[in-house]
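Here is a short briefing for a first look. Keep the sequence and the 3D view open while you read.

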Amino acid sequence: MISFPNAKINLGLDVISRRSDGFHNISSVFLPVDWKDALEIVPAAETTFESYGIHIPGNPDSNLCLKAYHLLAKDYPMPTVRIILEKIIPIGAGLGGGSADASFTLKLLNEQFDLQLEEAALESYAARLGSDCPFFIKNQPILATGTGITFESVNVDLLGYQILLVNPNIHIGTAEAYAGISPRVPELSVKEIIENYEIKAWKGLLKNDFEASIFPNHPEISKLKEDMYKAGAVYASMSGSGATVYGIFEGDQKIEQIKEGFSDSYLKHSSLL
Ligand SMILES: C[C@@](CO)(OP(=O)(O)O)[C@H](O)COP(=O)(O)OP(=O)(O)OC[C@H]1O[C@@H](n2ccc(N)nc2=O)[C@H](O)[C@@H]1O
Ligand SMILES: Nc1ncnc2c1ncn2[C@@H]1O[C@H](COP(=O)(O)OP(=O)(O)O)[C@@H](O)[C@H]1O
């Protein structure tokens, strides 16, 4: 069976407090975007993982797809499998690509081998693989709080807008990014801003707290955000712990032309939501 794990972006990201377990409480709206990997799982004589496309750093044995398989195989009898991943989503990019691969592996195994796991059970397995993973089970716009694994519905409507994502090939580690943050409670929450203000008013209001600590060390990312506004974005932000920057554009703006304006050395993707 084949599926297509997609990326996410964060609309606003407040890092509110540091927890005693070393993790942070956050508040952020997660939005699926259609930048996608391709994932195939087939029964095989032994369990193996292979990937094509963008090189995934680290040992293939510790790939999140394999971790997801072993997590489920411990609790449910399952055949050994060959896992094949075409890696297209930039890595360590604030787009949750690895987390999407992990959660889509859980979903694919559940479907393929008729494990009959409900969404809540899949989310709970996903949480054991990473904070970004549970979101990709439902994979719909949602407000995430706590460590990013507690969900609340949110009224967000980007209908009629377009999105452009640009990744400047700078890899930022998530733990390192959190370590640079001074947590704070915002005056207006992400949910209040998104639900009560129109998108044109988000500039100046809706913040990603990682920008303040990452931009001074990486002016190229800060410039990318400025360039997104110069190109006509109504709102622009870094996603998650970076370094991908997205811009939201009005529906009638020439997105393909705008995309061409960004360096060819960057990975780029534009998609209607
Ligand atoms: C920042 C966010 C925002 O969506 O995404 P990315 O930018 O990585 O996509 C997430 O919180 C990232 O989630 P994820 O990448 O799954 O992180 P994990 O593997 O669970 O944790 C990696 C490390 O990040 C830190 N961490 C993670 C989540 C959290 N709420 N507080 C933390 O302090 C911890 O130091 C942890 O050891
Ligand atoms: N299938 C996978 N795809 C991408 N990264 C993976 C995968 N499995 C494990 N990883 C590891 O996860 C880290 C990056 O995860 P990723 O989800 O791309 O980051 P981010 O959430 O910042 O976008 C890398 O260190 C990479 O080695």
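This is a predicted model: local features need pLDDT of at least 70, side-chain atom pairs count only at pLDDT 80 or more; totals for chains, interfaces and linings use all residues.

Ligand 2 lies between two domains, because domain 1 (2–152) and domain 2 (161–272) both give residues to its shell. The shell around ligand 1 also draws on domain 1 and domain 2, with at least three residues from each.

**Around ligand 2**

- The shell around ligand 2 holds 22 residues.
- Gly58, Leu64, Gly97, Gly98 and Asp101 come nearest to ligand 2.
- Helix 2 gives the most, with four residues.
- By class, the shell around ligand 2 has 11 polar, eight nonpolar and three charged residues.

**Around ligand 1**

- The shell around ligand 1 holds 19 residues.
- Those that come nearest to ligand 1 are Gly130, Ser131, Asp132, Gly240 and Ser241.
- At least two residues of this shell come from strand 3 (24–36), and at least two from helix 5 (174–179).
- By class, the shell around ligand 1 has 14 polar, four nonpolar and one charged residues.

- Four strands form an open sheet in the order 1-4-6-5, with mixed pairing.
- Strand 1 (2–3) and strand 5 (48–53) stand at the edges. Each has a single partner strand, so one side of each is left without a neighbour in the sheet.
- Strand 5 pairs with strand 6 in the parallel sense, over six bridges.
- One of the residues involved is Gly53, whose bridge partner in strand 6 is Lys87.

**Helices on the sheet**

- Helix 1 packs on the sheet and touches strand 4 (38–43), strand 5 and strand 6. The direction of helix 1 makes about 150 degrees with that of strand 6.
- Helix 2 packs on the sheet too, touching strand 1, strand 4 and strand 6. The direction of helix 2 makes about 40 degrees with that of strand 4.

**The annotated span**

- An unreviewed UniProt entry carries the annotation "domain: GHMP kinase C-terminal" for residues 208–265.
- In the model, residues 208–265 are 40% helix and 17% strand.
- The end C-alpha atoms of this span lie 25 Å apart.

Note on methods: Residues are numbered from 1 along each chain as its sequence is written. Chains are lettered from A and ligands numbered from 1 in the order in which they are written. A residue is near a molecule or strand if its C-beta atom, placed from the backbone, lies within 6 Å of it. Ala, Val, Leu, Ile, Met, Phe, Trp, Tyr, Cys and Pro count as nonpolar, Asp, Glu, Lys and Arg as charged, and the others, Gly among them, as polar. Domain bounds come from an automatic or database domain assignment. UniProt positions are given in the numbering used here, feature names are shortened, and annotations may be inferred rather than shown by experiment. Two strands pair if DSSP finds at least two bridges between them. Two residues are in contact if their C-beta atoms, placed from the backbone, lie within 7 Å. Axes are lines fitted to C-alpha atoms, for helices over the stretch in contact, and angles run from 0 to 180 degrees between N-to-C directions.
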